Amino acid sequence: MSRYLNPGLAGLESYTPGEQPRDMKYIKLNTNESPYPPSPEVLSAVNSGEAELLRLYPDPETTVLKDALAARYGVSRENIFLSNGSDDILNFAFLAFAAGGRKVWFPDISYGFYQVFADLYGINAVQVPLREDFTVDPSDYCSLPDVGGLICIANPNAPTGLTLNSGQIEDILKSNMDKVVLIDEAYVDFGADSALPLTKKYDNLLVVQTFSKSRSMAGARLGFAAADSQLIEDLDKIKYSTNPYNINRLTMAAGVAALKSDGYFMDNCRRIMETRAYTKSELEKLGFSVLPSAANFIFAKSDRIDGGRLYRELKSKGILIRHFDKERISDYNRITIGTREEMEAMLEKIKEILEEDDNEKCRS
Ligand SMILES: *Cc1c(COP(=O)(O)O)cnc(C)c1O
């Protein structure tokens with residue numbers, strides 16, 4: 001830290017992204033990327049001459065991509081906001097709807113970035129405990145005392161993979177017409193209900209999605225939000241005050257092409273859901289408890305090996321999963337669903353680790 005840093009930022013604990021190590025080749029099951037490449041249409045869109053136009057700024061209004069998304073999701077252009085990854089939209093939403101003296105509410109176990117944004121803007125964050133079984137209790141959000149502010153819920157939740165249904169989301173929306181309710185749907189394409197259609201009915205709903213996971217484009221950085229046009233105007237105000245050209249040309253071309261290859265995208269989602277069911281049942285055979293997941297990851301714990309050690313042992317065998325050293329969930333690991341072959345390799349290594357432990361016990 002330099003002596004010049006704004007003292008307000010000195011104590012800020014920033015977000016720790018999942019490892020992207022370069023020391024060797026790992027099977028990466030730690031950051032919920034897709035194991036499949038972007039669609040052939042995306043690859044050819046990026047290679048088809050768009051690169052030659054890089055000397056020119058991209059369209060700040062992102063019209064072509066907004067229109068494609070609006071058509072895909074049955075809303076209008078005015079209801080769509082695009083950004084350089086959905087983290088950017090969360091950032092804007094915290095600044096727009098909570099900074100300056102209001103509060104934000106989110107579950108105690110959820111995406112770690114929510115607390116970071118709250119700290120960044122000095123927002124009073126209320127972490128609402130999940131139930132014992134890690135589900136969100138919608139009624140916890142239905143009689144909040146304060147007026148105004150932001151409620152932020154990942155659905156499916158990360159790292160649990162558990163979901164609320166549309167009726168439960170609607171209960172939260174109805175009880176909080178004075179607050180913005182942000183539903184972070186980073187994983188919605190793997191089997192959950194989307195709240196996006198409810199944006200037509202509730203002007204306090206902001207639905208955030210990303211091309212990073214289900215559309216195999218984490219490296220392109222593309223997120224979008226759908227909401228009532230007035231909420232979108234609020235986000236635009238921040239975009240045009242920070243970075244008007246927030247979607248670069250290559251990403252814009254890739255995004256439009258991705259929406260043209262919906263069949264490819266849905267096939268991949270289906271394959272991942274099948275592999276998820278396979279992995280869950282194989283882990284259960286090895287004695288793991290696995291939460292029912294509607295995401296492209298599973299949250300699992302073993303009563304034979306603790307979460308931290310399983311993570312380290314698998315890493316030494318070339319497989320990366322994610323462990324959170326956090327109260328209530330330190331027994332668990334979050335495992336991204338890769339290809340069937342990758343999951344078979346992981347299961348094989350887990351068997352080895354458990355057998356080595358058993359042999360160790362026999363000897364002692
Ligand atoms: C991955 C993830 C994001 C961020 O996605 P990007 O679009 O890549 O920035 C947002 N929310 C949750 C819950 C996520 O897991």
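1. Which helix does Ser-44 lie in? Ser-44 belongs to helix α1, which spans residues 40-47. The model is a predicted one, and the points below should be read with that in mind. Ser-44 counts as partly exposed because its relative accessibility is 45%, a value between the 20% and 50% cut-offs.

2. Overall dimensions. The chain has 364 residues and a radius of gyration of 21 Å; a compact globule with that number of residues would come out near 21 Å, so the two agree. Along the principal axes, the C-alpha atoms fill a box of roughly 65 × 55 × 50 Å.

3. Secondary structure and contacts. The chain contains ten helices and twelve strands. Among contacts with a separation of 6 or more, 73% join residues 24 or more positions apart.

4. Burial and surface. Buried residues make up 51% of the 364 in the chain.

5. Ligand shell. Which residues are around the ligand? They are Gly-85, Ser-86, Asp-87, Tyr-111, Asp-184, Ala-186, Tyr-187, Thr-210, Ser-212, Lys-213 and Arg-221. Sorted by class, the shell holds three nonpolar, four polar and four charged residues.

6. For Tyr-187, a polar side-chain atom is 2.5 Å from a ligand oxygen atom. For Arg-221, an N or O atom of the side chain is 2.7 Å from an oxygen atom of the ligand. Asp-87 takes part through its backbone, where an N or O atom lies 3.0 Å from a ligand oxygen atom. On its own the ligand has 390 Å² of accessible area, of which the protein covers 92%.

7. Asn-91. Is Asn-91 buried or exposed? Asn-91 counts as buried because its relative accessibility is 16%, under the 20% cut-off. This residue is part of helix α3, residues 86-97. Once neighbours within four places in sequence are set aside, Asn-91 is in contact with Phe-117 and Tyr-121. With Tyr-121 there is also a polar contact, side chain to side chain, at 2.3 Å.

Methods. Residues are numbered from 1 along each chain as its sequence is written. This is a predicted model: local features need pLDDT of at least 70, side-chain atom pairs count only at pLDDT 80 or more; totals for chains, interfaces and linings use all residues. Side-chain values use heavy atoms; hydrogens and water are left out. A residue is near a molecule or strand if one of its heavy atoms lies within 4 Å of it. A polar contact is a pair of N or O atoms within 3.5 Å; within protein, one must be able to donate a hydrogen and the other to accept it, and residues adjacent in sequence count only if both atoms are side-chain atoms. Accessible areas come from the Shrake-Rupley method with a 1.4 Å probe; for residues, only the protein chains shown count as cover. Ala, Val, Leu, Ile, Met, Phe, Trp, Tyr, Cys and Pro count as nonpolar, Asp, Glu, Lys and Arg as charged, and the others, Gly among them, as polar. Helices (H or I, at least four residues) and strands (E, at least two) are DSSP runs, numbered from the N terminus. The radius of gyration is taken over C-alpha atoms; the globule rule is 2.2 Å times the number of residues to the power 0.38. Buried means under 20% relative accessible area, exposed over 50%, partly exposed in between (1.4 Å probe, protein chains only). Contact means heavy atoms within 4.5 Å.
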